[in-house]
Amino acid sequence: MYYGNIKECDIADGPGVRVTLFVSGCRNHCRGCFNSETWDFSYGQPYTEETEEKLLALLRPDYVQGFTLLGGEPFEPENQKVCAKLLGRIRELYPKKDIWCYSGYLIDRDLIPGGRVHTEVTEKMLSCIDVLVDGRFVEEEKDLTLTFRGSRNQRVLKLENGKAVEELYR
């Protein structure tokens, strides 16, 4: 897996101060995407053990509320094994920090067994995520007043045990 960027002090992609990883690779190709360079699966730098250790160290300070995973597309099948491992380690080392993830795929269609991008580790990823922002960015529904999403069709979903239990920031 490759990644395009790591933000060490992000305040835009979830509540509080966050560490953010932008993975590379996305097949959604949403028109008007703010990060279209990450569509390329080889964009940026290779994700290594050193990258993972850096992310875990960045999460250590108490002022960091949590971690956000976005891209590109974390749920592309090629990215899921690495992302699942990382999320599992974050959950284990920092159980009080929240984990957010942005995906153009829908939890109730694409991420279910038999869904477009479901793999053997999809449930593991989902079980580590506290909030999933799902749905493609739709330029015609762009709304700068929305909280933590770019277009009206996207949902901010609170997850428990990998299942959506509540829609936040309606």
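Analyst: A disulfide is here a pair of cysteine sulfur atoms within 2.5 Å. The model is predicted: local features need pLDDT of at least 70 and side-chain atom pairs count only at pLDDT 80 or more, while totals for chains, interfaces and linings use all residues. Residues are numbered from 1 along each chain as its sequence is written, and side-chain values use heavy atoms, with hydrogens and water left out.

User: How many disulfides does that rule give?
Analyst: The count is zero.

User: Is Cys 101 buried or exposed?
Analyst: Cys 101 is buried, at a relative accessible area of 1%. Buried means under 20% relative accessible area, exposed over 50%, and partly exposed in between, with a 1.4 Å probe and protein chains only. Cys 33 is partly exposed, at 24%.

User: Turning to the core, which residues have the most contacts inside the largest one?
Analyst: Leu 21, Phe 67, Leu 69, Phe 75 and Leu 132 do, in a nonpolar core of 34 residues. Such a core is a set of buried Ala, Val, Leu, Ile, Met, Phe, Trp, Tyr and Cys residues joined through side-chain atoms within 4.5 Å.

User: Which element gives the largest share?
Analyst: Helix 2 does, with five residues. Helices (H or I, at least four residues) and strands (E, at least two) are DSSP runs numbered from the N terminus.

User: What does Leu 69 touch?
Analyst: Beyond its neighbours within four places in sequence, its contacts (heavy atoms within 4.5 Å) include Leu 21, Cys 83, Trp 100, Cys 101 and Met 125.

User: What is the strand order in the sheet?
Analyst: The open sheet has eight strands in the order 3-1-2-4-5-6-7-8, with mixed pairing. Two strands pair if DSSP finds at least two bridges between them. Strand 3 (45–46) and strand 8 (163–168) are the edge strands, each pairing on one side only.

User: In what sense do strand 7 and strand 8 pair?
Analyst: They are antiparallel, over five bridges. Within this region, Leu 159 has Ala 164 in strand 8 as its bridge partner.

User: Where does helix 2 lie?
Analyst: Helix 2 lies across strand 2, strand 4 and strand 5, at about 175 degrees to strand 4. Axes are lines fitted to C-alpha atoms, for helices over the stretch in contact, and angles run from 0 to 180 degrees between N-to-C directions.
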